[in-house]
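Reader: Hello! I am new to protein structures and would like to learn how to read one. Could you walk me through it?

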Amino acid sequence: MSTVSVVQVCVQCARVLGGGGGGTAGVVKCSACGASAHKLCAPSRNRFFTCKVCSSAATSKSRVPRSVSVVSRPTVRSASLKRSLSSPEKLCAGPVKKIKPCASGETAKTRTMAGGKTKPRTNAAAPDEPPAWLLQHEERLTARFDSSVDRIDSRLDIITQTLKEHGLAIARNESRISELDGRLSNEIKELQHQHACSEQALVDIRGEVVRLASAVGTIAAASGPTLVSPRCFDNCEVRLSGFPPQLNPCDRSTVERVLVALEEVELLPHVIHIRQWNPKRRAPDAEPGPTDAPSSSSDAVACVFRFVSAAARETFLAAAPRFQSLPVSQIFGLPDVGDGRLSAAPILPTERYRLLKKCWSVRKQHRLPNPIIRNMRIFMRRTGTKELTEIDTEAALNAYAATLQQSVSHAATPSMPGQPS
């Protein structure tokens, strides 16, 4: 028996698929029976649809052949038992009619009809094509997988961009750290150099302190202990007079020039205060006070130095006699101020000042040399002698004056012949 090729027809319009009225339009399949149809003949024009045979079968609940193919599966199901497109076939309920096997002499492709004609086979259930629910499930899975892949790709892009930015930031930080490390190394070297210089300066300062301490100790040993009364407070002040009017004696630079001229510039840090001297007005016929020093000009001004200690003050007073050989013009570089001289005198406590005034009265009465003040101690001496007598109280001054009076009386009384002189 010869084999005839199978011709498939549209389940909707009964025309041959691939030609005729269908033309070359696409082919779609029924989602219930799997019968083929032209895409234009499908109600929804989708890949899967429900043919009119299955629709009428579901309405009348009767068995209706779905195609004219000899290998079709005429399965009749009710509308309530029809499975969904996304559920597997094994989960569907309802009876499924088995396919009747072909008779002897028939092939899987054709069935011979009476009169020698063959009936074409429909494409109801092609064994190599998956069911619709599996294709839709596959599409959903593919869509979900693609969406997940897209999300992962976007996150990977973000991570890559973040890593790139972090890499740039790390590179900038490394450059900054290198720069800071270089600056820190230079600063450490500079600090080490300054430390070495400071150590050398400290050694020099210690040597100068030792030298000054030795000098102060020598002065203190030479002057002896201070016998100032406990009620007297020593301000360690010295009055310096004889400044030209155009100078400001309270300026520290002026004081520095004075100390440089005396070669005692190391005493400058020991001067803790400088103030203007305001002398009290005296009567025109009044004589100079015990601490008033002669001035070359009536317009000369004075100031008061306050030293940090009595030793510093005595060091300055010990150098004060050099003013007699230093004109003011030479000290301050002012050639038009004349040949005046500076003079220095300590400012005594009140009790010492009163005692000194009385010493000056005794000096005037007996025509003695001026009293000498050393470390707040008052000394007097007779004319023509270098022996000093300390006057620490008024009683000592009276005893000294009485001794002077006796000497004068003894010298004024003429000696008689035969009397011891």
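Reader: How many helices and strands does the protein chain have?

Author: Welcome! Please keep in mind that this is a predicted model. The protein chain has 7 helices and 12 strands.

Reader: How do I read a sheet, and what is the order of the strands in the open sheet of 3 strands?

Author: The general idea is that strands of a sheet pair through backbone hydrogen bonds, either parallel or antiparallel. In this structure, the open sheet has the order β10-β11-β12, and the pairing is antiparallel. At its edges are β10 (372-374) and β12 (389-391), each of which pairs on one side only. From one strand to the next, the twist averages 40 degrees.

Reader: How many bridges join β10 to β11?

Author: There are 3 bridges between β10 and β11 (residues 377-380). Look for Arg374, which stands opposite Arg377 in β11.

Reader: Which helix lies across these strands?

Author: That is helix α6 (residues 350-366), which lies across β10, β11 and β12. Helix α6 runs at about 5 degrees to β11.

Reader: Now the inside. What percentage of the residues count as buried?

Author: Of the 421 residues in the protein chain, 26% count as buried. As a general idea, nonpolar side chains tend to be buried together in soluble globular proteins. Here, the largest nonpolar core has 25 residues, and those touching the most other members are Leu240, Val258, Phe305, Phe316, Phe323, Phe332 and Leu342. Elements that give two or more residues to this core include β6 (237-243), α3 (252-261) and β8 (301-307). There is also a second, separate core of 14 residues, with Leu348, Met376, Ile391 and Leu397 among them.

Reader: Which residues does Leu342 touch?

Author: Leaving out residues up to four places away in sequence, the partners of Leu342 include Leu240, Val258, Phe323 and Phe332.

Reader: Lastly, how many aromatic pairs does the structure hold, and how do I read one?

Author: The structure holds 5 aromatic pairs. A pair of aromatic rings is described by the distance of the centres and the angle of the planes. Take Phe305 and Phe307: they lie 6.4 Å centre to centre with 75 degrees between the planes, an edge-to-face pair.

Reader: Why is the pair of Phe307 and Phe316 tilted?

Author: Planes under 30 degrees apart count as stacked and over 60 as edge-to-face. The planes of Phe307 and Phe316 are at 40 degrees, so the pair is tilted, with ring centres 5.6 Å apart. Phe307 and Phe316 are both buried. Together, Phe305, Phe307, Phe316 and Phe323 form one aromatic cluster.

Conventions: Residues numbered from 1 in each chain as written. Predicted model: local features only at pLDDT ≥ 70, side-chain atom pairs only at ≥ 80, totals over all residues. Heavy atoms only, no water. Pairing = 2+ DSSP bridges. Helix = DSSP H or I, 4+ residues; strand = E, 2+ residues; numbered from the N terminus. Axes fitted to C-alpha atoms, helices over the stretch in contact; angles between N-to-C directions. Contact = heavy atoms within 4.5 Å. Buried < 20%, exposed > 50% of the residue type's maximum accessible area, 1.4 Å probe, protein only. Core = buried A, V, L, I, M, F, W, Y, C linked by side-chain atoms within 4.5 Å. Phe/Tyr/Trp six-rings, centres within 6.5 Å; stacked < 30°, edge-to-face > 60°.
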